[in-house]
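Here are my notes on the model, point by point. Have the structure open while you go through them.

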Amino acid sequence: MVPLCRENACPCSNGLSDIAITKILRKKDFTVDRRTSSPAVRTYNVTVPGTYVFAESILYHGSPGNDTALRVMVSDVVIDLNNYTLSGNKDGALLGITIASGASNVMIKNGKIVQFRTSGISNDGNNDTIVFKNMSLLRNKAGVVLNRINDLQISHTYSFKNENI
């Protein structure tokens, strides 16, 4: 776990003071060879509950078998885009963020998800308590595709210039 951020010492942004961060996400987390600046083509799987914070915008290209940029596999997760953008290239990447079946108490907040061929945010179904806060979903095939959720909370989230909602 990354140490508790304090004002002016946080490696990601001023707006995250006093938050325990599980992982700071950078482009290298989505690449096959983390030592190079190769394209972001590998799905990042969230397998540990906690808070995941973007430290930069990510342009996700996708590759065979890796058509989703970020996949939430467990419950009790916060994905904080930290006012950055998760972008697809419209040619390869199908999905921005997907929430796996059974994962609950998931919050996605503070950023933009753009240009994914299928949807910006989706789920596999059978989820409890999914929260979208301060998000913009634009120029995707669909901004959000969700099904079988027991508690969906949306605040200050906009879906526009998508082909579908």
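1. N82 is buried because its relative accessibility is 7%, where buried means under 20% relative accessible area, exposed over 50%, and partly exposed in between (1.4 Å probe, protein chains only). N82 sits in strand β6, residues 77-88; strands here are DSSP runs of E, at least two residues, numbered from the N terminus. Its phi is worth a look too: N82 is not a glycine, yet its phi is positive, about 55°. Most residues other than glycine have a negative phi.

2. A word on what you're looking at: this is a predicted model, with local features needing pLDDT of at least 70 and side-chain atom pairs counting only at pLDDT 80 or more, while totals for chains, interfaces and linings use all residues. Residues are numbered from 1 along each chain as its sequence is written, and side-chain values use heavy atoms, with hydrogens and water left out.

3. K161 also has a positive phi without being a glycine, about 60° this time. Buried or exposed, then, for K161? Exposed, because its relative accessibility is 65%. You'll find K161 in the segment after β13 (158-160).

4. K161 turns up again in a positive surface patch, together with K90, K112 and R139. Patch residues have over 30% relative accessible area and no salt bridge, with like charges joined within 9 Å and nonpolar side chains (Val, Leu, Ile, Met, Phe, Trp, Tyr) within 5 Å. A salt bridge is a side-chain nitrogen of Lys or Arg within 4 Å of a carboxyl oxygen of Asp or Glu. For the distances, the charge is placed at NZ of Lys, CZ of Arg, CG of Asp or CD of Glu.

5. Next, S119, in strand β9 (residues 119-123). S119 counts as buried because its relative accessibility is 1%. Leaving aside residues up to four places away in sequence, S119 touches L94, L95, G96, N140, A142, G143 and V145; contact means heavy atoms within 4.5 Å.

6. Last one: A55, in the loop between β3 (50-54) and β4 (58-60). At 16% relative accessibility, A55 is buried. Which residues does A55 touch, not counting those up to four places away in sequence? They are I24, L25, R26 and Y84. A55 and I24 are 31 residues apart in sequence, but their C-alpha atoms are 6.2 Å apart in space.

Conventions:
Areas by Shrake-Rupley, 256 points an atom, 1.4 Å probe, with all protein chains shown as cover. Lys, Arg positive; Asp, Glu negative; His and termini not counted. Helix = DSSP H or I, 4+ residues; strand = E, 2+ residues; numbered from the N terminus.
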